[in-house]
Structures are given as C-alpha cells and as structure tokens.
Amino acid sequence: MAKPKEDQRGPKKDEAQKQKLTPWLAQLEEESQEAKMPQWPSLQLPAAAARRATPFALCRSSSSSVCASASNQDLVACSWQKEDEAQSLVVVGGGAAGVYASIRAKSLAPHLNVLVFDKGRFLSKVKISGGGRCNVTNGHHLESLGMARNYPRGHKELRGSFFKNHGPQDTMRWFSDHGVELKAGKAVTGASVTENGKFVVKVEKRTADFVDHVNAKYVLVATGSSQQGYSIATQFGHSIIAPVPSLFTFKITDKRLADLSGVTFPRVKAKLKLDGIKKSAPELTQIGPMLVTHWGLSGPVVLRLSAWGARELHQYNYQAKLTVDFIPDIHIEDVKRILFQHKDHHASLDGDMHWASIPNNSLNTIALRLKQWMFEVVAKGQFKDEFVTAGGVPLSEISLSTMESKKQPNLFFAGEVLNVDGVTGGFNFQNAWTGGYIAGTSIGTLASSNI
C-alpha cells in the first residue's frame, strides 16, 4: 500500500507490511481452516437478517464449501444448499473486486448464499503487487477528485460519488481485520436468464470432465481482463471496448543507454510524442523516477505514460518518440552557465579532449542533450503478471451508484472488467475495492429487502 510522503518506506517497513498481509493471504489459500468473518466499519445488520444466515460458499468440489454462521463471526465447512438458490449470488472472478463484493454482500444479507468461482488462484494479483509487497491502495490521494485524476479511463466518471462511497481510508480500515477462506479450480463458461428472471450459470472444471449449472438471483462479474468476463457481458447485450495493454515499459534500442543499464534517475520529465497525433495532451508529459533497463526504459514515469497513451500507442504499433529532460528543475540557460564555469575543472572527455578545449557550441549541445534527449520507442516491454488492460464494459452501460447493469437486472460488474484503469501506485486495486464494495452493498441490500 502506498504511504504518504512523510512516511517513506524502507526495507524494514516493507518487510513489516508484507508480514502483516502474508498471514491474511495465506488464509485465503488454506483449505478447511476456521477464519474470522471481517466486520465492516460502522455496519449494523437488521436483527431479522442476522437470524437467517446461510452459506458463504467458495467451492473447489461439489461436496465442500465454506459458510458463515448466523452470528456472522465464524466460517465453518458446509455443503451448498440448493433449496436456497432463490436468494443466491454467483460471483464470477476471485480477484480484488469479486472477493470484496462477496464479503460485503454477505455482511449485509447473512441469509444470502454467496458462491465465488475462479479458474485460477484467488487474489493472485494482490499477492504479487508492489514487487511482492502486496499493495492494496494509494495513500497519497484521500479525496475523490485526487483519486479520479489517476485513471486514464474513468477519470471523468469517477469524480462523483464513486470513491465517496468507499475510498482509500475505508479500504485501509477494512484491512485491519481479515479472514475469508477461498478455494479455486472452477470456471464460469456461460450464463443465461430464465423466464422468471433467474440466472443459470454454467460451471466447468478444466482439469476434469465436470459440468454443472448453478441457479442464482444475482450475478456479479469481476473477472478482470479475462475474456471470460467479456463473453458473459456480451451474452446480456453489453458492448465491449476492445482491450489493449496498459502499464508497460518501453523498448528502446539506443546504444547510448547500454552502459547505463540499471541506473535510476530519481526525477526526470518525459514527454511522449506520436506521429499520428498532432495535439499535445497534458497527461502525455510526466515527472518522476525513471529506470534504464537492458531493453530500454522503465519506472513510474514510463508506466504512467504507457497508461495515458495506451490506445494511441497500440494504434501506432508502439512506435513513438520520447523526449527526456534529465534535470527538469534546472533551466537550460543555467545548465549552460554551470558547464561554462566548470569546464576547466573536469577530467578529459573521451580520453583525449579536455573540457577546457571544448568549444562553447559543443557545451550548448551537451546542455541541450541533458534537457531534451530524444529516444525512439520501437516496442513495448513484455507482459508481466501485474499488467493492466485498458478497455472492457463501457461505464455508460452500468450504474456507478450500484454497479448494476443497465441492460440486465440483477447483473453487476466490478473491477477491471469495466473500462477503467489507473496509473501505477495502488489505484487499480482501489477501483476494485470501491467497485466491489458498492456492488456488494447493492446486492446485500436487495437480498435483505426480499426476505
């Protein structure tokens, strides 16, 4: 989790943060262990609802699941009760948004059957985020407008009540408590709606000859950038904005960078230019740390530029020009003056030319190079586990106040399956937590009102 600037993390704090989160993440993977149901801040459940608790199920096999007791405090092993499918929620995707929403819905409606399916490992992106430090949100922007500015897709729509419903401070407060056991292995491969408005969800286990159908009153799609979620969305009339990569490094084949591999520049100003785009967007100029790699350039500045220029870079096959100012806080005239004043006090240049003998126009060239070094971007870096996509279900097709589909009643979306993606620094997880919280609140409220 990103910390405010006045509390910069060192290695010891990183390790302490990881140690705090590791037990929670380990619990999510363990099978058949008791855990404590997390309590939401200032949450008061209706007395009638508290007396009608039914399973919170996250199954690996058809005979085993996990459920919440009537007191909403303990999780115990139990079987999925098909007679209660009239009040059930199927969550497609065990990532940040899906898990968060399922817990929230169950907290508001203890009688609600909640079944979470994921074809891989639950919360896998959370575990590897932040270089293994388990980033969960961003602590630098605690107000809604500041958060929204960090989403290349979604910065206009998210300026309203989205983060006011559940922001970074709420997320950090929630993570002070933890504990939902999860089991993976099944994938949702299709869904349909019956005449009475109930969902029929097709479930398959890829490693075995297994096909099942689960009936549900509500369905939440939180599949991240998986094609699985896009397929389900289109089955219910949604359009899909073609997904393209975001948050990637730049491949630059420049011999001048060869000897600098591994060097980090703590503060540079970088501007991205694409031949087919004449206008200059403010977001395509970024300031911050930059890392030289053996394939090109990386670091926060490059990742932010890749996010803001994701669609244009994809359109032009990742061919672009990158101008870097290595000393953005010093005016070029001051750079020239410094070089002129000190040229007699430095060692030789290229082994045989002394600074004192360098013509002034050559010093001007050096100053210009430091302030405006042009690089040719020839490709993007290879995908890693943390990559993010731009694209998905348009925000115009859901209600951000409830996360419910405008096309199909009782169908909800949250997380990266939507056309929302943020820059690096915990913003993508906060989108997942907030969207999951809102969706879970909506489903839990609907379920409670239908008791």
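Helix α9, residues 300-308, is mostly covered, with eight of its nine residues buried. Buried means under 20% relative accessible area, exposed means over 50%, and partly exposed lies in between, using a 1.4 Å probe and protein chains only. The buried residues of α9 are V301, V302, L303, R304, L305, S306, A307 and W308. Helices (H or I, at least four residues) and strands (E, at least two) are DSSP runs, numbered from the N terminus.

This is a predicted model, in which local features need pLDDT of at least 70 and side-chain atom pairs count only at pLDDT 80 or more, while totals for chains, interfaces and linings use all residues. Residues are numbered from 1 along each chain as its sequence is written, and side-chain values use heavy atoms, with hydrogens and water left out.

The protein chain holds 13 helices and 21 strands. Of its 451 residues, 50% are buried. The chain exposes about 20,800 Å², and carbon and sulfur atoms supply 51% of this area. Accessible areas come from the Shrake-Rupley method with a 1.4 Å probe; for residues, only the protein chains shown count as cover. Contact means heavy atoms within 4.5 Å. Among contacts between residues at least 6 apart in sequence, 74% join residues at least 24 apart.

A residue in a strand comes next. A270 is found in strand β12, residues 264-273. A270 has a relative accessible area of 1% and is therefore buried. Leaving out residues up to four places away in sequence, A270 touches L284, T285, Q286, V301, L305, L322, T323 and V324. Two of these, V301 and L305, are among the buried residues of α9. A270 and Q286 are 16 residues apart in sequence, and their C-alpha atoms are 5.5 Å apart in space.

Now to pairs of helices. Helix α3 (residues 96-108) packs against helix α13 (residues 427-449) at an angle of about 30 degrees, with the axes 7 Å apart. Axes are lines fitted to C-alpha atoms, for helices over the stretch in contact, and angles run from 0 to 180 degrees between N-to-C directions. Angles under 35 degrees count as roughly parallel, over 145 as roughly antiparallel, 65 to 115 as roughly perpendicular and the rest as oblique. So α3 and α13 are roughly parallel to each other. In the contact, A96, A97, Y100, A101, R104, A105 and L108 of α3 meet F429, A432, W433, G436, Y437, A439, G440, T441, I443, G444, T445 and S448 of α13. These residues divide into 12 nonpolar, six polar and one charged. Here Ala, Val, Leu, Ile, Met, Phe, Trp, Tyr, Cys and Pro count as nonpolar, Asp, Glu, Lys and Arg as charged, and the others, Gly among them, as polar.

Helix α11 (residues 332-342) and helix α12 (residues 360-371) pack at about 135 degrees, with their axes 9 Å apart. These two helices are therefore oblique to each other. On the α11 side, the contact is made by I332, V335, K336, L339 and F340; on the α12 side, by N360, L363, N364, I366, A367, L368, L370 and K371. Nine of the contact residues are nonpolar, two polar and two charged.

Two loop residues remain. L247 lies in the loop between β10 (241-246) and β11 (250-251). Its phi is positive, about 60 degrees, although L247 is not a glycine. L247 counts as buried because its relative accessibility is 15%. M403 is in the loop between β19 (398-399) and β20 (404-405). Phi of M403 is near 70 degrees, a positive value in a residue other than glycine. M403 has 1% relative accessibility, so M403 counts as buried.
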